[in-house]
Amino acid sequence: MELKAGQVAVVTGAASGIGFALAEAFARRGLNIVLADVQDDALATATERIAALGVHTLAVKTDVSKEASVQALAQATLDRFGGVHIVCNNAGVGGKGDTWFGPVATWEWVLGVNLWGVVHGVRAFLPHLLQGGHIVNTASIAGLMPGFSAPYDASKHAVVALTETLYNDMITANVPVGVSALCPGWVRTGIMDSHRNWPAELGEAPPDDPLSDIATTHVRRAIDEGMTPAAVAHMVLEAVESGRFWIFPHDDFLAMAVKRWERIAEKLDPEMPEETPGMPPRSQVMAEVQAAIEAMLTGLE
Ligand SMILES: NC(=O)c1ccc[n+]([C@@H]2O[C@H](COP(=O)([O-])OP(=O)(O)OC[C@H]3O[C@@H](n4cnc5c(N)ncnc54)[C@H](O)[C@@H]3O)[C@@H](O)[C@H]2O)c1
């Protein structure tokens, strides 16, 4: 769709990282911006920075995992601007705690924000986009290729699947709503510190898992050296304008996802790749994990 000054873009997770960069990129094109985020201090700062670009802004504290909160966001958008053109369901969290032995809250948090947040966002805004608009759902390359953590991978696979179905449904219904799935690899953001927004209602945040901490150290470095959020936002705007579904900022990760599917086509069992962009060789990470297990077992003797 054509982007025009005065249109309205809603971005969830707009206080930081990719969400802030999306808000900034749309604002630089003259769109008015609704910034939604659960973290109020960062939301206030981000809104000031976007308003300084000369567009109208609305900040709405939102917990995307809650349907009522996202419905209230949609209502606040309509009350303030009378309509909406672009919706970026982008808020997401990395995870916290041990996937298999920790509390189930670790799953509930990640699926609540990453999956239900997108479901609520689509359902709340779609009825207001039917005259023409575009929805961008932030998934991840982990939505096509597991390897980050089970809750995160599951949430992002679900986002890719529902987004593709939404795209097909819009075509079937002949409705002028564009749909895109954003599937990045490493992007330089605050995602490794997502636990800053661990919700009190899920109880005490679970302790870190010492074994996954080893991989986490490498992932943190890869993210610190990753693509800038501004570069990702630039690709999103291009996809919205040209009506493209897939947004793949990282060709090297896409090639890995394709390799996975080639093995599936040959009915071969999953195989963890030895090389992942930005990471040390898998054999090195596995040797580090095994050394840590041995040290733990020795400590128990
Ligand atoms: N950074 C990467 O390498 C990477 C790669 C692939 C996909 N992603 C995805 O990009 C999206 C944005 O993350 P980011 O990397 O910019 O991280 P980030 O932590 O910098 O930004 C995420 C934002 O979401 C907000 N948020 C967290 N929980 C929320 C909730 N319940 N309701 C509303 N807002 C909430 C946070 O306050 C934060 O402002 C996420 O969906 C993430 O999974 C990131």
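Residues are numbered from 1 along each chain as its sequence is written. Because the model is predicted, local features need pLDDT of at least 70 and side-chain atom pairs count only at pLDDT 80 or more, while totals for chains, interfaces and linings use all residues. Helices are DSSP runs of H or I with at least four residues, numbered from the N terminus.

Two packed helices are described by the angle between their axes and the distance between the axes. Helix H1 (residues 17-28) and helix H7 (residues 229-242) cross at roughly 55°, and their axes come within 8 Å; here an axis is a line fitted to C-alpha atoms over the stretch in contact, and angles run from 0 to 180 degrees between N-to-C directions. Residues count as touching if their C-beta atoms, placed from the backbone, lie within 7 Å. Among the residues that meet are Phe-20 and Leu-22 of H1 and Val-232 and Leu-237 of H7.

A second pair is formed by helix H3 (residues 67-81) and helix H4 (residues 105-125), which pack at about 40° with axes 9 Å apart. H3 and H4 are therefore oblique to each other as well. On the H3 side the contact involves Glu-67, Val-70, Gln-71, Leu-73 and Ala-74, and on the H4 side His-120, Gly-121, Ala-124 and Phe-125.

What is the shape of H4 itself? H4 has a kink of about 40° centred on Gly-112, the bend being the angle between axes fitted to the seven residues ending there and the seven starting there. Its 21 residues reach 28 Å from first C-alpha to last, close to the 30 Å expected at 1.5 Å a residue, counting one less than the number of residues.

Technical notes. Helix = DSSP H or I, 4+ residues; strand = E, 2+ residues; numbered from the N terminus. Parallel < 35°, antiparallel > 145°, perpendicular 65-115°, else oblique. Contact = placed C-beta atoms within 7 Å.
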